[in-house]
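I opened my notebook for a first look at this structure. I wrote down each thing I looked up, in short entries.

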Amino acid sequence: MLYKHMELHQALKKLKASPEFKEWDEKSKNNFFSYAFKMIEPNKDYPWSLGFYYETTDKITTFIVNQDSIDSKAEEEAFKKPGTKIKPIDIKKVELTFENVLKKAKEFQKQKYPQELVNKTIAILQNPDKYDTIWNITLITLTFKTINLKINPQNGKIIHHTIESLMDFAEKK
């Protein structure tokens with residue numbers, strides 16, 4: 001069964017209109033939208049995780065946006081390298097639909113790595129220093145490899161890509 005994924009803009013709109021978010025936002029001034037996360041597997045639709053960062057406390061609150069509900073996780077320490085700064089997502093730069101981003105990733109994988117069969121996709125919208133607002137797409141294959149793609153959210157251009165074996169990663173530790 002193929003799923004039609006909730007689009008990011010739809011999930012953000014739903015979240016910001018919810019009483020849960022409005023109440024939290026009223027109490028939590030000076031926060032900003034810092035990331036979106038979605039995992040995809042065959043025959044399984046995961047919800048969006050949308051993160052909001054407080055610079056004053058260096059913590060993130062994550063909201064889980066399901067089709068029929070919104071939940072929040074407890075505030076957590078920001079996951080980042082020491083000395084790096086978390087920057088807001090410029091949602092206006094996210095012009096391509098999520099479905100189109102996934103399509104671009106799949107087309108690239110089939111062209112560049114046709115022998116690899118993907119069984120899981122991890123999608124993160126973030127704003128790292130090196131790339132500005134970017135889709136960071138990781139395709140996990142049946143041969144225990146990861147194909148990582150950095151995709152421009154405005155035009156779908158693949159800015160950077162790598163393929164690595166998870167076995168090599170385990171050996172490095």
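**Entry 1: aromatic rings**

I began with the rings and found that Phe-21, Trp-24, Phe-33, Phe-52, Tyr-54 and Phe-63 form one aromatic cluster. Before going on, I noted that this is a predicted model, where local features need pLDDT of at least 70, side-chain atom pairs count only at pLDDT 80 or more, and totals for chains, interfaces and linings use all residues. Residues are numbered from 1 along each chain as its sequence is written, and side-chain values use heavy atoms, with hydrogens and water left out.

How many aromatic pairs does the structure hold? I found 12 aromatic pairs. Rings of Phe, Tyr and Trp (its six-membered ring) pair if their centres lie within 6.5 Å; planes under 30 degrees apart count as stacked, over 60 as edge-to-face and the rest as tilted.

I looked up Phe-21 and Trp-24. Their pair is tilted, at 5.4 Å centre to centre with 45° between the planes. Phe-21 and Trp-24 are separated by about one helical turn, because they sit 3 residues apart in helix α2 (residues 19-27). Helices (H or I, at least four residues) and strands (E, at least two) are DSSP runs, numbered from the N terminus.

Phe-21 counts as buried at 5% relative accessibility. Trp-24 counts as buried at 13%. Buried means under 20% relative accessible area, exposed over 50%, partly exposed in between (1.4 Å probe, protein chains only).

Next I took Phe-52 and Phe-63. This aromatic pair is edge-to-face, at 6.0 Å centre to centre and 80° between the planes. Phe-52 lies in strand β3 (residues 48-54) and Phe-63 in strand β4 (residues 59-65), so the pair ties together parts 11 residues apart in sequence. Both Phe-52 and Phe-63 are buried.

**Entry 2: positive phi**

I checked the backbone angles. Most residues other than glycine have a negative phi. Asn-43 is not a glycine, yet has a positive phi of about 65°. I found Asn-43 in the loop between β1 (31-41) and β2 (44-45).

Asp-58 also came up, with a positive phi near 60° in a residue other than glycine. Asp-58 has its place in the loop between β3 and β4. Asp-58 is partly exposed, with a relative accessible area of 24%.

**Entry 3: the largest pocket**

How much space lies in the largest pocket? I read about 1,200 Å³. On a 1 Å grid over the protein atoms alone, a pocket is an open set of points where a 1.4 Å probe fits, with protein on both sides within 12 Å along at least five of seven lines; lining residues have an atom within 4 Å of a point. Grid points are joined across faces, edges and corners, and the volume is the space filled by probe spheres set on the points.

The largest pocket is lined by 31 residues, and Phe-79, Lys-80, Ile-124, Gln-126 and Asn-136 lie nearest its centre. Among the elements that each supply at least two lining residues are β1, β4, β7 (118-126) and β8 (134-141). By class, I noted 10 nonpolar, 11 polar and 10 charged residues in the lining. Ala, Val, Leu, Ile, Met, Phe, Trp, Tyr, Cys and Pro count as nonpolar, Asp, Glu, Lys and Arg as charged, and the others, Gly among them, as polar.

**Entry 4: helix α1**

Which residues of helix α1 (residues 8-17) are buried? I listed Leu-8, Ala-11, Leu-12 and Leu-15. Seen down the axis of α1, the buried residues fall within an arc of 95°, so they line one face of the helix. The arc is that of the directions from the helix axis to the C-beta atoms.

**Entry 5: single residues**

I looked up Ala-36 in strand β1. Ala-36 is buried, with a relative accessible area of 0%. Contact means heavy atoms within 4.5 Å. Ala-36 and Trp-135 are 99 residues apart in sequence and 9.3 Å apart in space, C-alpha to C-alpha.

Asp-71 lies in strand β5 (residues 70-72). Asp-71 counts as partly exposed at 41% relative accessibility. Beyond its neighbours within four places in sequence, Asp-71 is in contact with Thr-62, Phe-63, Ile-64 and Asn-66.
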